[in-house]
Amino acid sequence: MDFIPQYLFNGLVVGCSYALIAVGLTAIFGLMEIANFAHGQFYMLGAFFAYWLTRIAGLDFWTGLAASVIGVMLVGVLLERTLFRFLRGASLSSSVLATIALSIFLENLALNIWGPRPQKIISPFESGGIELLGIFTTPDRLSMLFLTFLMVLILHVCLRHTHTGKAIRATFQQREAAALVGINIDHLYTLTFAVGAGLAALAGVLLGTIFVVQPSMGGVATLKAFIVVTLGGASSFAGGIAGGLLLGLAESFGAIIAPSYKDAVGFILVILVLLYKPNGLFGKRT
Amino acid sequence: MSKRPRTSTMIASLPLLFTAWSCMAEPIHIGAVYPLTGAVAEDGAVVLKGAKLAVKIFNDAGGLNGDKIDFLVEDGACIPAQSVASAEKLISANKVVALAGAFCSSSTGATMDVALRYKVPMVAGISTAPNLTERGNRYLFRIQATSQMLADAFASKMMQIAGGKKVAFLVVNDDWGRSIATCYKTSLEREGAQVVSTQIFDTNETDLFSYITNVKRAEPDAIMMAANTQNAITVTEQLRQMNVKSKLFGEGSFTAKSYYDAVGKKGDGIGGLMPYISSFDNPVNKQFVEMYKAAYGEIPNNNAAAGFEELTIITNALKTSGKEEPEALRDAIAKSSTPGPSGEIKFNEKGQGYGFTVFLSQNEEAKAEVAATAQIDKPN
């Protein structure tokens, strides 16, 4: 029983990382209805940009973080204009094929530029573990928790109280009607794609200080993001966050029962949720 | 009569000269399946460096009667299906006469069936899962000590260092990791150990806190790990972050340069069960280390030594057999005795290598020091 708080905290930290990556995919998948199997590569690119800017170009961590996120957002805009624009309205199989190809291309591009060696982003905090009320953690993990909650708050405020946020919500609800009332869907798509990519990049930078950075890190991130989006509901930001936290906690506690089946926990959860709520926990009923 | 050859004669002999010239230097196609992408790509790149050095030495010395090796490498990514496809391509399309690889035991286990089917000898370094040489495949030659051999050699010393009986395992989820949990359990229990926890994590897993929490709850005196590349880095950092005080041992990348660059002195105190250490005092090793440093600007680790040994065994078989055919090479490898950086490498009837030295290392000041050595005798 002593260790329950440790498992709970472990699960929250991992859940936050899943939520951060998945919210970006929710925006892209939910709004544009494109199954973006390259989403995890934005996470990878964010981490590599931060590695390059801080370790090689010598920028401080926070400037590097901001520059990396903006850099990946620009990559997102470029990809949206040159590739994803043409996938709108295409069949699911077309978007799956195209984005898998993009994912392979980006991973191998990173491999060629930065090599296979696992790298670390130097954290702005003291390295090493800390003990808080019997729970072992690190300053990086705590900052990730804090920044995730901050991002969720910012997202909530923007969606609720800004003109653009309302336009995004309207387009989520009913795209054609939103276009009819004068919302510029094209600009909105580009913005949403950029924000989605940026959120994944932020997760990449933060997790790159906690774990390691290497070209193969994007694939797993994509898989987890899709599990979370399926769990939470494809067009719900709240679903993305709740799904991420739920998956993180389930995996953490699942590790007590059957450690080598920890990954299966996510898939079992998806099956159970879809049996009773086919559109996800927070998804719209169609 | 003019003594000068006629122009027409000279022109007519050109095709003959061409044919003669092309017959003089035929490339010898040798293939390798290594993980060049994916989770262990960094270690795969290092194996390749060692392998290329051995090929260079052979080619620079003139090859075999002027024929030089054309070394063809395909990416297996440590994914069995991809490794099999790579081996198929090398053998059927590129007509390689010998194969090296495939790094991960699961991939080697799949690829060796391809070697058997096409009757092409395959030399495997790195892969330590014992069952590979128990499948009756006369085309597979494993130059590494198995996990069981390493466990039997060092179990007693490990228990001495651990200072207690409780042992836990923290291993990667593949044939290699799982066989380490089995093999070391057998050997350590023989020395009086009690296994209190076995945690198995996926190679793509980055957050190991839950597994480490499981281990901590069992309060082991020693933890045996199996981890390559980024897994070795993350497991070390997270064990330190969670303030785990147990004595740590591991097979895998715990003495790699990329490991030390990432974790520095956090790796200190970890005991490595290693097939190779660069500081081994052996003339062949000293020469290998010098050549590797000259070629790549860094000290070789066990992965580099394995790649070097794989190709050295193949090049030596070319020289002793004098032939470039798979069956002749297979027979030459089976009877071979090759000086390697860890000692002489011979093979038993099952294709299992023996005769070399293995090491229990200790990380000190981000370097591997030798804590104990053992000679691997001919297995049954």
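Tutor: Two strands pair if DSSP finds at least two bridges between them, and we shall apply that rule to a predicted model.

Student: What makes β10(B) and strand β13 (residues 353–364) of chain B a pair?

Tutor: Four bridges join β10(B) to β13(B), and the two strands run antiparallel; because the rule asks for at least two bridges, they count as paired. One of the residues involved is Met274(B), whose bridge partner in β13(B) is Phe359(B).

Student: How do you know that β10(B) also pairs with strand β9 (residues 247–252) of chain B?

Tutor: Two bridges join β9(B) to β10(B), and these strands run parallel, while Gly250(B) stands opposite Gly272(B) in β10(B).

Student: What do β9(B), helix α9 (residues 257–263) of chain B and β10(B) make?

Tutor: Together they make a β-α-β unit, and it is right-handed.

Student: Why are both faces of strand β10 (residues 271–274) of chain B called covered?

Tutor: In a regular strand the side chains alternate between the two faces of the sheet. Here Gly271(B) and Leu273(B) lie on one side, Gly272(B) and Met274(B) lie on the other, and all of them are buried, which means that each has 20 or more other C-beta atoms within 10 Å of its own.

Student: Turning to chain A, why is chain A called as compact as a globular protein of its length?

Tutor: Chain A has 11 helices and two strands. Its radius of gyration is 19 Å, close to the 19 Å that the globule rule gives for 286 residues, so the description as compact as a globular protein of that length applies.

Conventions. Residues numbered from 1 in each chain as written. Chains lettered and ligands numbered in written order. Predicted model: local features only at pLDDT ≥ 70, side-chain atom pairs only at ≥ 80, totals over all residues. Rg over C-alpha atoms; globule rule 2.2 N^0.38 Å. Buried ≥ 20, exposed ≤ 12 C-beta atoms within 10 Å, placed from the backbone. Right-handed = clockwise from strand over helix to strand, strands pointing away.
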